[in-house]
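Here is a colleague's note to read with the structure open beside it. Please take the points in order and find each residue in the view as it is named.

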Amino acid sequence: MPSANNDSNYWEMVSQFIEQANAHTEERTPGEVASALLNAAARYSAFYLAGSSESRKDLKEDKDVLVQDVSREFKKRFAEELEDYIENYKVYFEHEEASE
């Protein structure tokens with residue numbers, strides 16, 4: 001999938017999705033919101049990739065590679081975000097850590 005990591009509009013869109021997710025935590029748990037966001041990302045990614053395929057046959061043949069590619073990209077970005085939270089835990093969460 002294309003990525004526009006240096007595009008300010010891209011990051012604005014990311015921020016808007018996060019703001020919308022945060023708004024949902026007023027009535028749902030963060031875990032429920034994270035699960036819904038993950039499901040939405042999977043559904044939209046499948047829609048995008050299916051629409052980018054030349055045919056149903058091509059999509060079916062490419063399915064395993066597409067799943068691997070999207071999974072690898074998610075794993076990379078997720079690991080980067082977790083590393084940021086590890087490095088900045090005290091900044092993001094004001095409470096004291098019980099132990100490190």
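This is a predicted model: local features need pLDDT of at least 70, side-chain atom pairs count only at pLDDT 80 or more; totals for chains, interfaces and linings use all residues.

1. Helix α2 covers residues 30-52 and helix α3 covers residues 56-87, and their axes come within 11 Å of each other while crossing at roughly 140 degrees. Only angles over 145 degrees count as roughly antiparallel, and α2 and α3 are therefore described as oblique to each other. The crossing of these two helices is right-handed.

2. Which residues make the contact between α2 and α3? From α2 come Leu38, Leu49 and Ala50, while α3 supplies Leu59, Leu66, Val70 and Phe74. Sorted by class, the contact has seven nonpolar residues, with no polar and no charged ones.

3. The second largest pocket has a volume of about 240 Å³, and the elements that give two or more residues to its lining are α2 and α3. The largest share of that lining, six residues, comes from α3.

4. The lining of this second largest pocket includes Leu49, Ala50, Leu59, Leu66 and Val70, residues that are also named in the contact between α2 and α3. Also in the lining are Ala42, Ser45, Ala46, Lys63, Val67 and Ser71. By class, the lining residues of the second largest pocket divide into eight nonpolar, two polar and one charged, whereas the contact of α2 with α3 has no polar and no charged residues.

Methods: Residues are numbered from 1 along each chain as its sequence is written. Side-chain values use heavy atoms; hydrogens and water are left out. Axes are lines fitted to C-alpha atoms, for helices over the stretch in contact, and angles run from 0 to 180 degrees between N-to-C directions. Helices (H or I, at least four residues) and strands (E, at least two) are DSSP runs, numbered from the N terminus. Angles under 35 degrees count as roughly parallel, over 145 as roughly antiparallel, 65 to 115 as roughly perpendicular and the rest as oblique. A crossing is left-handed if the near helix is turned anticlockwise from the far one by less than a right angle, and right-handed if clockwise. Contact means heavy atoms within 4.5 Å. Ala, Val, Leu, Ile, Met, Phe, Trp, Tyr, Cys and Pro count as nonpolar, Asp, Glu, Lys and Arg as charged, and the others, Gly among them, as polar. On a 1 Å grid over the protein atoms alone, a cavity is a set of points where a 1.4 Å probe fits but cannot get out, and a pocket is an open set with protein on both sides within 12 Å along at least five of seven lines; lining residues have an atom within 4 Å of a point. Grid points are joined across faces, edges and corners, and a volume is the space filled by probe spheres set on the points.
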